[in-house]
Amino acid sequence: MHETAGITAVQVAQANITRNDNNSSVPFASLVAFTDPLRTGPEPDSKVIGNVQGIALLSRMNASSTQYIDFGFNTGRFNGSSISVFSRGEPGLAVVGGRGKFMMATGVALFNPIIINATNVIMEFNITVVHY
C-alpha cells in the first residue's frame, strides 16, 4: 500500500479542539479517507495490482486508530475480488469479509511499516484468510 498525504489520503473531519496534548502530527479525533495503489512491492515502480480504500478514525491521544480498509484486486486470478478489514490499528487487523473469490472471508491482516514520514506511508500487509 503506497500512500501520499494530501493526494491519496486526506483528512475529511476533525474535532473542534484547540490543543494537541500528544504533540502528534496527526491531531486527536481526526477522520481520514484514503484510496491508495496496491502494489506487489515497496518500490514506487512495482506493479499495481489493485487499490486500497478506506477510512481511519484517530480517536486516542497516542494517535492509534480504528480503521476500515478494503483491498481491491483488479488483475490476475483475484481480479474483481476484495478483502475487507475492520479493526483497531494494532499489528493484527481483523478480516471481516470480502467479495468475489474472498466472499465470507475471515482471518487476520498483519502489517509491517516500510516507510512512514510526514508525506508518505508504504505499508506491507500479510493477510491470512479462510474463504468460500
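Author: A strand here is a run of at least two residues marked E by DSSP, and strands are numbered from the N terminus. The model discussed below is predicted.

Reader: How many helices and strands does the protein have?

Author: There are nine strands and zero helices.

Reader: Which strand gives the largest share of the lining of the second largest pocket?

Author: Strand S9 does, with six residues. S9 covers 120–130, and strands S3 (30–39) and S5 (65–73) also supply at least two lining residues each. The lining has 18 residues, and those nearest the centre of the pocket include Leu38, Met123 and Phe125. The space in this pocket is about 290 Å³.

Reader: What makes a lining residue count as nonpolar, polar or charged?

Author: The residue type decides: Leu, Met and Phe are among the nonpolar types, whereas Arg and Glu are among the charged ones. Sorted this way, the lining of the second largest pocket has 13 nonpolar, three polar and two charged residues.

Reader: Which residues have the most contacts inside the largest nonpolar core?

Author: They are Val52, Ile69, Phe71, Val85 and Phe125, in a core of 21 residues. S3, S4 (48–58), S5, S6 (82–88), S7 (92–99) and S9 each supply at least two residues of this core.

Reader: What does isoleucine 69 touch, leaving out residues up to four places away in sequence?

Author: Among its contacts are Phe34, Val52, Val85, Leu93 and Phe125. Isoleucine 69 also touches Gln53.

Reader: Why is glutamine 53 called partly exposed?

Author: Its relative accessibility is 41%. Buried needs a value under 20% and exposed a value over 50%, so glutamine 53 falls in between and counts as partly exposed. Glutamine 53 is in strand S4.

Reader: How do you know that the side chains of glutamine 53 and threonine 35 make a polar contact?

Author: The distance given for the pair is 3.5 Å. The limit is within 3.5 Å for a pair of N or O atoms, one able to donate a hydrogen and the other to accept it, so this pair qualifies. Apart from neighbours within four places in sequence, glutamine 53 is also in contact with Phe34, Tyr68, Ile69 and Asp70.

Reader: Why does threonine 8 count as buried?

Author: Its relative accessibility is 14%, which is under the 20% cut-off, so threonine 8 counts as buried. Threonine 8 lies in the loop between S1 (2–4) and S2 (9–14). Its side chain makes a polar contact of 2.8 Å with the side chain of aspartate 36. Beyond four places in sequence, threonine 8 touches residues including His2, Phe34 and Pro37.

Reader: What makes serine 46 buried?

Author: The relative accessible area of serine 46 is 9%, and buried means under 20%, so the label applies. This residue lies in the loop between S3 and S4. A polar atom of its side chain is 2.8 Å from the backbone oxygen of glutamate 43.

Reader: Where is glycine 41, and what does it contact beyond its neighbours within four places in sequence?

Author: Glycine 41 is in the loop between S3 and S4, and it is in contact with His2 and Ser46. At a relative accessible area of 15%, glycine 41 is under the 20% limit and is therefore buried. Its C-alpha is 9.3 Å from that of isoleucine 122, which is 81 residues away in sequence.

Reader: Why is methionine 104 called exposed?

Author: Its relative accessibility is 57%, which is over 50%, so methionine 104 counts as exposed. It is placed in the loop between S7 and S8 (106–116).

Reader: Why is alanine 94 called partly exposed?

Author: The relative accessibility of alanine 94 is 31%, between the 20% and 50% limits, so it is partly exposed. Alanine 94 lies in strand S7. Leaving aside neighbours within four places in sequence, its contacts include Val85, Phe86 and Gly107.

Conventions: Residues are numbered from 1 along each chain as its sequence is written. This is a predicted model: local features need pLDDT of at least 70, side-chain atom pairs count only at pLDDT 80 or more; totals for chains, interfaces and linings use all residues. Side-chain values use heavy atoms; hydrogens and water are left out. On a 1 Å grid over the protein atoms alone, a cavity is a set of points where a 1.4 Å probe fits but cannot get out, and a pocket is an open set with protein on both sides within 12 Å along at least five of seven lines; lining residues have an atom within 4 Å of a point. Grid points are joined across faces, edges and corners, and a volume is the space filled by probe spheres set on the points. A nonpolar core is a set of buried Ala, Val, Leu, Ile, Met, Phe, Trp, Tyr and Cys residues joined through side-chain atoms within 4.5 Å. Buried means under 20% relative accessible area, exposed over 50%, partly exposed in between (1.4 Å probe, protein chains only). Contact means heavy atoms within 4.5 Å.
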